[in-house]
Amino acid sequence: MSFVEYGDTIKDGDTAIVFLGHESMFPVKVQHGTVTQTKYGVIRHSTDLIGKKYGSKVTCSKGGWVFILHPTPELWTMNLPHRTQILYSTDISIITMMLELKPGSIVCESGTGSGSLSHALIRTVAPTGHLYTVEFHQQRAEKAREEFREHGVEHLVTVTNQDVCKNGFGVSNIADAVFLDIPSPWEAIGHAKSALKAEGGRICSFSPCIEQVQRTCLAMEEYGFTEINTLEILLRVYNVRTISLQIPDLGKAAEDNSSTGFDSSNPSNQGSLCASPQQGTVQFKSGVPLREMVGHTGYLTFATKS
Amino acid sequence: RKIIFEKQWFYLDNAIGHTYGTTFEVTSGGNLQPKQEVEETTTETKEAGTDNRNIVDDGKSQKLTHDDIKALKDKGIKGQEIVQQLIENSTTFRDKTEFAQDKYIKKKKKKYEAVITVVKPSTRILSTMYYAREPGKISHLRYDTLAQMLTLGNIRAGNKMIVMETCAGLVLGAVMERMGGYGSIIQMYPGGGPVRAATSCFGFPKPFFDNLHEFPLSKVDSLISGTFSTETLPSEENTLEEEESNGLTDEKQTSQLETEEESTTETAMEINQIEEQDTMDVNAEDEEFKENKEKANKDNVRQKQRKQWERRKKLIETAALLTEKNADGLIVASKFHPTPLLVSLLEFVAPSRPFVVYCQYKEPLLECYTKLRERGGVINLKLSETWLRNYQVLPDRSHPKLTMSGGGGYLLSGITVVLDKGKSDSSHFEALKMEEPSSKRCKVQDLHC
């Protein structure tokens, strides 16, 4: 396993995702002799995991079962230990495309935070690209380094522990793209410009508040960035449900009931000449929006250095 | 070659040798190269009103007539000067608020100062352009939706991907860009051959096409049932026609895109590999097409036979790749109903791999969702849509620009798992669960999803 390469079978030292069903999962580090407790019983790594194929059903001690999934940046995003507020895959996708990232791209990022975006960036720029990520919080920087090592991607990323607003990214004129997710991105625009290649590149800044965006846009203009564009992306998820709606009883005679044009899903309804005919229903499939959804994550401001 | 764009025509010869992102101004038929930074002409009198209480719309505020303006244009006067003239001859301009003045200048600049920026093709540019200009050709797949597909599908270097698309080759191109020439792609195509008009706009280097395979959809069933043979290929003529029309659309679609910026109409168009004087990036297909044409002209039967034989060989190779059933993912974005495509094509995908289906409409995906649940072998099914909102950010004038909702299409994504044969009862519970989401029974079976 690696976050940048698919493997078929589960090996000692892998990070795997235990899928319990219905959006509930957790990551597990596979180790000989270790056991993992789930609500369906115990998983013994040596016998239940190691050597098995990714995507297999694993039966736990209580008879319930789980699926073991190959890690991807997207699954990691949903399961990683939060050290900060993180970016989710919806924002990550548009960032990746708008920054024009591809294998071989050199990217600068700050702050590293919990590494949610970092993993996705590394996935996209591998095998020949590189991520330079800057995190001013020493413990978080250390933790990120450790995770990259565990996930087999340390050769693709350099973590620097410094303040990007004061000291920049520690590299100059080599980046194809820069991403900023810090409280005061406008203070880092100058450093971002000098990190980008002389022939140009793309920049993106993520900010929750419009005031931050305004300052960032002004700074970008000041430093000669062009094509400045701010957008927001929202994910809407739908539950697939079969809905049945009752047909109202308008006191029609029973024989008229079948000619209302509806497929009565209730066959006993047809031809029943009771005084109080049973109510017919209409069934259909619907994509029902979730009751609560994410209304705002942050504004994404993109620009070009040319 | 003469190119027409936004009611302007020009030759691209002058653009060669400049870096991408250079802005050009159009003269009578050629390109000039103006400075990167245009000095903002500030109206020398910084007079402005505070509100519009006294501004009356009598239609007489502009003292220049249509004919006057036309005369200015015919003289070949710089757009910048025309704008200046319009401002000077506007009686209400000075009474307008500063913001309204800005807006007025912006509008006029857009009309009279046409500048063109040449940029490098990328998924970002091409998908934005296609959505704006040819949404019908890509089933209204909005660029943010395409971005989701690439991420949800974990597209990256080294994968073995199956792609089924009828989006002019845009989705294929996006996948190719993300894979950077590493790994392989099998494109399933309907009819006589794959359409790759948009793919050729990317200007991929030739090696990117070495591991791009294609396989006719009409052969999928026979491949699954094991009765596949190469005896009945889609006819060669069809393929030729298809490629020919591809070539033509390529010519027509010198890719162009408009982005508004600052106060000018910034336009982008791509020239593949400008730095290389000769366009070496002729895409593999075009070459084949040219070859085919010559050979057809010569009517060289033996050559034709050899072509046929080569195509057959390629087809057998592709079939072998598919029958390994170990693809790393599946991307579907087509005008066809997604359910049959998915149920068949998922056969070729390894377990624990992501798949993503795009559809312009929600309803077919609802059905697809249900069918996949019945079939089993998939988990974490998700039906989703994204909304995109653009903002105008200016001092004291920040607000959302426009909400693009609907029309961006819907996605159904999920992950494959090992399908247990002979365990069909779980789908029964699925059905129960779907009917009665609040039901508290069969707790243990509930985790079968």
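1. Conventions. Because the model is predicted, local features require pLDDT of at least 70 and side-chain atom pairs count only at pLDDT 80 or more, while totals for chains, interfaces and linings use all residues. Residues are numbered from 1 along each chain as its sequence is written, chains are lettered from A in the order in which they are written, and side-chain values use heavy atoms, with hydrogens and water left out.

2. Extent of the chain interface. In chain B, 64 residues are in contact with 73 residues of chain A (contact: heavy atoms within 4.5 Å). The two chains bury about 6100 Å² between them, 59% of it on carbon and sulfur atoms; buried area is the accessible area (1.4 Å probe) that two parts lose on being put together, summed over both.

3. The rule finds 4 salt bridges between chain B and chain A (a side-chain nitrogen of Lys or Arg within 4 Å of a carboxyl oxygen of Asp or Glu). In the salt bridge of Arg353(B) with Asp8(A), the closest N and O atoms are 3.8 Å apart.

4. Strand pairing between chains. Strand β12 (residues 226–246) of chain A and β13(B) pair in the antiparallel sense over 9 bridges; pairing requires at least two DSSP bridges between the strands, and strands are DSSP runs (E, at least two residues) numbered from the N terminus. Arg236(A) stands opposite Glu385(B) in β13(B).

5. Domains of chain A. The assignment gives domain 1 (9–71) and domain 2 (75–234 + 295–305), with bounds from an automatic or database domain assignment. The C-alpha centres of these domains of chain A lie 33 Å apart.

6. Interface of the two domains. Contact involves 9 residues of domain 1 of chain A and 6 residues of domain 2 of chain A. The area buried between these domains is about 630 Å², of which carbon and sulfur atoms give 70%. On the side of domain 1 of chain A, Thr15(A), Met25(A) and Pro27(A) lose the most area to domain 2, together 55% of what that side buries.

7. The elements giving two or more residues to the side of domain 1 that touches domain 2 are β1 (15–21) and β2 (24–29) of chain A. Of that side, β2(A) gives the most, with 4 residues.
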